[in-house]
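Q: Let's go through a model together. Could you show me how cavities and ring pairs are read?

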Amino acid sequence: NNILGAVELKPLNNNMIVNSTIAKFKNSHITATIFDFSKIKIEDLKIKSKNYDELKALIISHISKEIKRNGIYNLTNNVDYEIVNIENRDYLKSLIAVKGLNTLEIVVKSISKRYIGQTKFNVINDFDGKLNGKDKDS
């Protein structure tokens, strides 16, 4: 939870001083590590999927890639953030409800004390009306 920094002090305007010194700092205040998820922009996901398991995998993968695209490489799903309703089959099945374009808003929110806030994006599934996998029988 600490933010570390170092500064090398080396006088440039005085020829009499030839040495330098390094000062190291540690900011361990709780606000030093808080990141606001509302600052992350996740682009909408446009896909063509026919079942819940594939939808879920595509959404999780997309969020991970988008977080990294925003320059953040140390966040982990279900540790630092959660994807709201990702385990709810009925919620995600609205993306395969009718033939054509089906849109669903996905919320990603912080679950760690080091982070706050949430962000949202849309998943747009171009469903051809033909289920496959386990969803075909349900």
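A: Start with the cavity: on a 1 Å grid over the protein atoms alone, a cavity is a set of points where a 1.4 Å probe fits but cannot get out, and lining residues have an atom within 4 Å of a point. Here, Ser 64, Ile 67, Lys 68, Ile 72, Leu 75 and Tyr 81 line the largest cavity. Keep in mind that this is a predicted model, where local features need pLDDT of at least 70, side-chain atom pairs count only at pLDDT 80 or more, and totals for chains, interfaces and linings use all residues. Residues are numbered from 1 along each chain as its sequence is written, and side-chain values use heavy atoms, with hydrogens and water left out.

Q: Which helix gives the most to the lining of the largest cavity?

A: Helices are DSSP runs of H or I with at least four residues, and strands are runs of E with at least two, numbered from the N terminus. Helix 1 (residues 52-69) gives the most, with three residues.

Q: How do I read the aromatic pairs?

A: Rings of Phe, Tyr and Trp (its six-membered ring) pair if their centres lie within 6.5 Å; planes under 30 degrees apart are stacked, over 60 edge-to-face, the rest tilted. There are two pairs here. Phe 37 and Tyr 81 make a tilted one, 5.9 Å centre to centre with 50° between the planes. Phe 37 sits in the loop between strand 3 (35-36) and strand 4 (45-47) and Tyr 81 in strand 5 (residues 81-83), so the pair ties together parts 44 residues apart in sequence. Phe 37 and Tyr 115 pair edge-to-face, at 5.9 Å and 85°.

Methods. On a 1 Å grid over the protein atoms alone, a cavity is a set of points where a 1.4 Å probe fits but cannot get out, and a pocket is an open set with protein on both sides within 12 Å along at least five of seven lines; lining residues have an atom within 4 Å of a point.
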